[in-house]
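Me: I would like to learn how to read a few features of a protein model, one at a time. Could you take me through them, with the general idea before each case?

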Amino acid sequence: MLRIDAMIPEVDQIRKRAGMLDLCIEHYCISMIAMRISIAGIVVFLLMVCSGLGQSTRTLKEEDVAKWESLGGARLSSDGSWFACTIGRVEGDGWMVIRETWGERSWITDNANLPVFSEDSKFAVYSIGYGEAEIERMRKENKPVENKLGVRNLEDGGVRIIDSVQAYSITKSNYLLAHRHRGRSKQSGGSDLLISTLSGSTEITIGNVRAYAPNADGRFVLVAIESDSGSNGIQLVNLEESRIVTIDWSKDNYRGITWNRAGTGFAFLRGRPDHKKDGDWHEMILVRDVSNTSAKTVLDPKELSEVPEGMRIVEHRPLVLSDDGRTLLFGMQVWNDRRPEDNKDQSPDVDVWHWLDIFVQPRQRVTATADKNRNMLFAWREGKVLQISDDKARDVSISRDMSRVMLRDETPYRVPHTTGTVHADFYVVDVATGFRRKILEKVQFTPTFSHVGNYVTHFDQRHWWIVDLNSMTRRNITGATKTAFHNIDWDYTAPQPNPAAQPVWFADDSAVMFFDNYDAWIYRPGSGSFVKVTSGSNAKNVHRYVPVGVNPEVQAPRLGNDIWFSVRDWHSKATGYTRWRGGDNIDVPIGQEHISNLQQAANAQVFTYTFQTAVQSPNFFAFDMQSGKTAQLTDTNPQQRDFAWTKSELIPFRSKWGKELHGVLLYPANYDPRLQYPMIVYIYERLSNGLNSYPMPSNRSAYNQNWFTQNGYFVYMPDLTYRDGNPGISAKECIEPALDAVFAKGIVDRKRVGLMGHSWGGYQTAFLVGASKYFAAGVAGAPLTNLISMYGSIYWNSGTPDQELLETGQGRLIGPYWEDLERYMANSPIFQAQNIDVPLLIAFGDNDGAVDWNQGVEMYITMRRLAKEVIMLVYPGENHGLARRPNQIDYAKRVRHFFDVYLKGARPDEWLKEGVPFVRRGEGIR
């Protein structure tokens, strides 16, 4: 039994900052890892020690926020002895840290990305970029921005810098592959590929490389050559022997190089252009045995009798080669004539929107490239070609052993007026024979192959089913239990609720894990046993499987090995991890902490994870399973001790129809219990799982929690859930009891409560300022305001009609508006506008591809006609979220000033008091 305990980071902090109790604390750390003990008294003691380390009344200013640090990704070397992560700043350039996991040595490199560690853990290779200011200068001077490559010797600390590298990798045999930029002087062809030992003692450079691919064990590298002279080919580099073998050479185009998973054979495409046809004519070239490259097989579709006439092999579906070299999967499509170049000045420019279109024109525009590239899967197997899929199969899944392919066909159920729920039939094809069999009919959720491919799992009618593909039998696995395997918090109007979680197959298909809302269950197809292996339901602790290794070949769990679960306590929102190995008891997190990002070294029992709370900045920690030792690896934002900070509290409440919910309350940084404070309520849907998340400050976010708590506000984030057909009214029936629960504490001035949200949260904000009297001001970013007109609009980013969003998606409405006009109106902010008695600030980008910005215009025009206080900020060219830094800062400042005026009585700026004439637009604010 083991738990990565939540208090270990606190112990490290105390040791670092207080310099006391080393012996007792070290004993405490080991005890907490080795055995289950009662920790309540120790937790209280540690918190008392922490609280005595000093407090400050100083709050953050803009210049302080700019220096705040955030964690990026992290990596462990294969033996766990080295760790690397990136760290960014709110403003300015970030850096990368490489350090010993258990020692003191470390290096910092500005503007670098995460490294790749060598298999022997002796080197780290990473990309080195430029700072924001330098990039801007280079662009102004029309200079190329080409990253460098750093090669760090972890034994002596030396670093080798390689200029102008566009891509890189380290082979498993510890060779460096660095693909250089082509350079502006070279207008066509490939570029140099540097191949060297990591120490740099041996180097070779291959010119004109278009693409490269090392094999699985790292002994060979395939390179595709494309020269300016038109002489092209495929070469094989033997790294161990420093030898290059030419596999094929011609004037043709080479692409699609691929190895089989074992790295023993490879295949590629040789393409010949035809100026009358669209795309190259491709032949496939196969080498089954890398040790015998002279034995190559050339597959020309014209010479394969089973290939339909008029079809070509496509380059946009990757080749897939079996380990034994006997099966090669590839894609084919009709070889169309090339369309003549149109004279754009003389040709019409028109889209035809037809009522029988299955997909509307905007959707077709979004998927045009994918539609053009759509192809059918074929298999070459021992000299015979079989067609696996047809033009009805939009999705194809291939079993790991390449013996079976699963096809999805939704064409029988396609209609032009879809509400968003799509059904499909599923088939399995035997690759050896081409025999196709329907295994599922008209199902909503897409099934998945088992790890090897002997089974298919699928979710239907709130239960998990397994189809045995060998016996072609179908069995309901979860139907005999009384446990719910669907998401019990599902509040959408789709025909069936989603599953609680997706199943996880074991590596050899010997077992599969299913998940209810709290626990993991293991089913063994051989014996039919179905056993719950965790015990989270009584305490509402949610267990989910997490792969902690870094090797994709060993990601699937195996019976008898350690299996790791993430654990989330529904009551405290604490998160952590626990290990199971067939019979051990399961521990759960204790306290208020957020432990995440568990990662294990490839060849060692060394783990890293991040720890954070609402008051402690996120940091990485290491844990050695065998010795029990721990180490803190980063120390972000130590300057926080110089500032006052918030604290978080979980507020339980019930919706007006009795649903048990929570809200997260963040306190003002310099909270004084003798005072009442204004409060900002931020809403979306369920937010309470963020209780233990660190509120990172930001100058660019209008909704940043930290800014408000640093400036004398409470911030409250209540959970919202929904009853069918009433999204706005349901939000009211959640938020008013949520606010009553806070008001009962007597710490908030109920006359000074502001409401804000973006997108769906913006919709609820725009609705609630008219439907509820609990708020003094509202900020609605990109809100839906008229559900009737919204029903007839387009979600431009995806090209789909918004009727899908409203009927079976986030809108949670039932049917179209003409069948239930009263409900659509009752839940539309625009039809509550006459009841709005508080100022409302609306914000949109006029290129919003999620919520058409005319939704904002409608609300603005309506409120203006009603002589209500409304301001709409429009940011030209921006999409659903603001992307330009000046716009982000501008919006944040305006939102903060808006609330300061209406909740604190600040003197309004001119833009808020009188507006800004068009001729003065863009002046910004102070």
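Me: Let me begin with accessibility: is Glu 685 buried or exposed?

Reply: This is a predicted model, in which local features need pLDDT of at least 70 and side-chain atom pairs count only at pLDDT 80 or more, while totals for chains, interfaces and linings use all residues. Residues are numbered from 1 along each chain as its sequence is written, and side-chain values use heavy atoms, with hydrogens and water left out. Buried means under 20% relative accessible area, exposed over 50%, and partly exposed in between, with a 1.4 Å probe and protein chains only. Glu 685 has a relative accessible area of 14%, so Glu 685 is buried.

Me: With which residue does Glu 685 form a salt bridge?

Reply: Side chains of opposite charge can pair when their charged atoms come close. The rule used here asks for a side-chain nitrogen of Lys or Arg within 4 Å of a carboxyl oxygen of Asp or Glu. The partner of Glu 685 is Arg 812, with the closest N and O atoms 3.1 Å apart. This pair links distant parts of the chain, 127 residues apart: Arg 812 lies in the loop between helix H12 (802-807) and helix H13 (821-826), and Glu 685 in the loop between strand E46 (677-682) and helix H8 (705-710). Such helices (H or I, at least four residues) and strands (E, at least two) are DSSP runs, numbered from the N terminus. Arg 812 has a relative accessible area of 0% and is therefore buried.

Me: How many salt bridges does the rule give, and where is the one between Asp 371 and Arg 394?

Reply: The count comes to 50 salt bridges. Asp 371 and Arg 394 meet at 3.9 Å, N to O, and they join helix H7 (residues 368-373) to strand E25 (residues 393-398), the two residues being 23 residues apart. Asp 371 counts as partly exposed because its relative accessibility is 31%, and Arg 394, at 30%, is likewise partly exposed.

Me: Which residues touch the most other members of the largest nonpolar core?

Reply: A nonpolar core is a set of buried Ala, Val, Leu, Ile, Met, Phe, Trp, Tyr and Cys residues joined through side-chain atoms within 4.5 Å. The largest has 54 residues, and those touching the most other members include Leu 665, Tyr 716 and Phe 775. Helix H9 (residues 727-743) gives the most to this core, with seven residues. A second, separate core of 30 residues includes Tyr 682, Val 715, Met 717 and Leu 903.

Me: Which way do the side chains of strand E14 point?

Reply: In a regular strand the side chains alternate between the two faces of the sheet. In E14, Asn 232, Ile 234, Leu 236 and Asn 238 point one way and Gly 233, Gln 235 and Val 237 the other, and all are buried.

Me: How does E14 pair with E13, and what is found in the turn of their hairpin?

Reply: Two strands pair if DSSP finds at least two bridges between them. E13 and E14 pair in the antiparallel sense over seven bridges, and their hairpin has five residues between the strands, with Gly 230 in the turn taking a positive phi of about 95°. Leaving aside neighbours within four places in sequence, Gly 230 is in contact (heavy atoms within 4.5 Å) with Ser 250 and Lys 251. E14 also pairs with strand E15 (residues 243-250) in the antiparallel sense, over seven bridges, and there Leu 236 stands opposite Val 245.
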